[in-house]
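Please look through the structure shown below before reading the notes that follow it.

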Amino acid sequence: MAEKKVALTTLGCKVNQYESAALEELFRRRGYQVVDFDSPADVYIINTCTVTHLGDRKSRQLIRRAGRTNPGAVVAVTGCYAQTAPDEVLELEGVDVVVGAGRRADIVDLVESASKGRKVKAVEDIAGCREFEELPGESHQGRVRAYLKIQEGCENYCSYCIIPYARGPLRSRAPESVQAGVRSLVKHGFKEVVLTGIHTGAYGRGTGGGVDLVQLLASLANVPGLARLRLSSLEPNDITPELLDLVASGPPFCQHLHIPLQSGDDYILKKMRRRYDTGFFRRLLAQVRDKLPEVGITTDIMVGFPGEEDEHFRRSCAFVKEMQFSALHVFKYSPRRGTPAANFPGQVDPRVKEERSRELINIGHALARSFAARYLGKTVPVLVEQAVPGFTAREHAGPLLDRTAGEHREIYEGLTENYVRVFFPAGEEWRGQLADIKVTAISGTGLKGRIIYK
Ligand code: 5AD
């Protein structure tokens, strides 16, 4: 019999990407071939996101697309949209299986027990889930940087956020398992590991873990062959002097922190049920920069939260500029069913959200360019990731840089330690290597340059 084929697609955050890599591995172990989402397959998996209504909408589009590519295939939906609206998802045309957040490990059996016309719902109440679900397969992510999930769940209940309902209570992966995971990734050739979670800074709180985040990180500092260890999003309240001292100790710790601000206005922060004000945030960033002079600080910021008037938005913009973030992820507030803010008065007109979003995105680009500019003329280590399709070395070089491409005809991209994207001529032999790049110009919100051969 021909090998069965499975195709996955992933929406949303790094945790979802990590989990999709693990799901692929579960299928591989059962003899499936993993193929592109756009090609014919026997099974389609849509790993959904529901952080905003756009996540739901895109999830539905992908479900429809799977049905069109092969109407006879089994379509299984998992992820946060599936967990929070299982019946709605199950009723969508073409959906055969809905797999909740606590049942990922059983996905192959669930898919095989389904057949066209007999729908399977495997979704449990995540609020009672106390165990960190171990998933295999992190070694098979087809990239240079690998994600590793160390923590699951959130109990912060910010007033806008649906994620605590989708992901459940705090639980942490055992430190030995994290260490084994990192070692295994390094053995498979990954140079950079990004530690991810839903509330990563809460590592060790709730169930599992046994050590705190700083202890966990310290235990990973000397893994042989690990060039870079990056942390994904950390709440402002979770950043301690001990954590900063550890990151300041240098490699493998990347001089990059993603610290979600959400709003730069104290009234809005309070309504959001964030646990800090702008004064706290300002003092925090001063401490961070004092200990980590090269740090890049990126953030998430939301526009159009209920009650956000022009004056609040103006203060938010001014604060974002003052904080000198090196990149912004801008979100338009989206009311999520079951969250308090969905029923707050003063919901903002979508056109106003759109305008504010555009303005903040522009502010973000300007901040990114000015952060990048500090590297002009300098040489920085970059982890080489992949070729940029449709972009040749000749275009890259331009009139000023005619000698720099050397024999390379393709442009590659990679990141600095502090998360600035850099473009440079290179070849496949550079993939996964740390290259010293002499920076020659700003390119969009990143940099371009050329490899300095040692
Ligand atoms: N609407 C818009 N953005 C949201 N986020 C979380 N909930 C919502 C919502 N209801 C954003 C926050 C968070 C990021 C991952 O998603 O900015 O940091």
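The briefing below goes through domains, helices, strands and a few points in the backbone.

This is a predicted model, in which local features need pLDDT of at least 70 and side-chain atom pairs count only at pLDDT 80 or more, while totals for chains, interfaces and linings use all residues. Residues are numbered from 1 along each chain as its sequence is written, and side-chain values use heavy atoms, with hydrogens and water left out. Helices (DSSP runs of H or I, at least four residues) and strands (DSSP runs of E, at least two) are numbered from the N terminus.

**Domains**

- The domain assignment, whose bounds come from an automatic or database source, gives domain 1 (5-125), domain 2 (140-254), domain 3 (260-374) and domain 4 (379-451).
- The C-alpha centres of domain 1 and domain 2 are 26 Å apart, and 16 residues of domain 1 are in contact (heavy atoms within 4.5 Å) with 18 residues of domain 2.

**Helices H7 and H8**

- Two packed helices are described by the angle between their axes and the distance between the axes.
- For helix H7 (residues 175-187) and helix H8 (residues 213-220), the axes come within 10 Å and cross at roughly 35 degrees, where axes are lines fitted to C-alpha atoms over the stretch in contact and angles run from 0 to 180 degrees between N-to-C directions.
- On the H7 side, Pro-175, Val-178, Gln-179 and Val-182 take part in the contact, and they meet Leu-216, Ser-219 and Leu-220 of H8.
- By class, this contact of H7 with H8 has five nonpolar, two polar and no charged residues, where Ala, Val, Leu, Ile, Met, Phe, Trp, Tyr, Cys and Pro count as nonpolar, Asp, Glu, Lys and Arg as charged, and the others, Gly among them, as polar.

**Helix H11**

- Helix H11 (residues 278-291) has 14 residues and should span 20 Å at 1.5 Å a residue, which agrees with its end C-alpha atoms being 20 Å apart; the expected span is 1.5 Å times one less than the number of residues.
- Thr-278, Gly-279, Phe-281, Leu-284, Leu-285 and Val-288 of H11 are buried, a class that means under 20% relative accessible area, with exposed being over 50% and partly exposed in between (1.4 Å probe, protein chains only).
- The cover over the buried residues of H11 includes helix H9 (241-248), strand E13 (256-258), helix H10 (266-271), strand E14 (296-303) and helix H12 (310-323).

- Asp-300 is placed in strand E14, and it counts as buried because its relative accessibility is 14%.
- Setting aside residues up to four places away in sequence, Asp-300 touches His-258, Ile-259, Pro-260, Leu-261, Gln-262, His-329 and Phe-331.
- Glu-413 is placed in strand E17, and it is buried, with a relative accessible area of 12%.
- Beyond its neighbours within four places in sequence, Glu-413 has contacts that include Leu-383, Val-384, Arg-421 and Phe-424.

**Points in the backbone**

- A cis peptide bond, with omega about 10 degrees, joins Pro-251 and Pro-252, and Pro-252 lies in the loop between H9 and E13.
- Gln-324, in the loop between H12 and strand E15 (327-332), is not a glycine and yet has a positive phi, near 55 degrees; at 44% relative accessibility, Gln-324 counts as partly exposed.
- Tyr-419 is likewise a residue with positive phi that is not a glycine, with a value of about 80 degrees, and it is found in the loop between strand E17 (410-416) and strand E18 (421-426).
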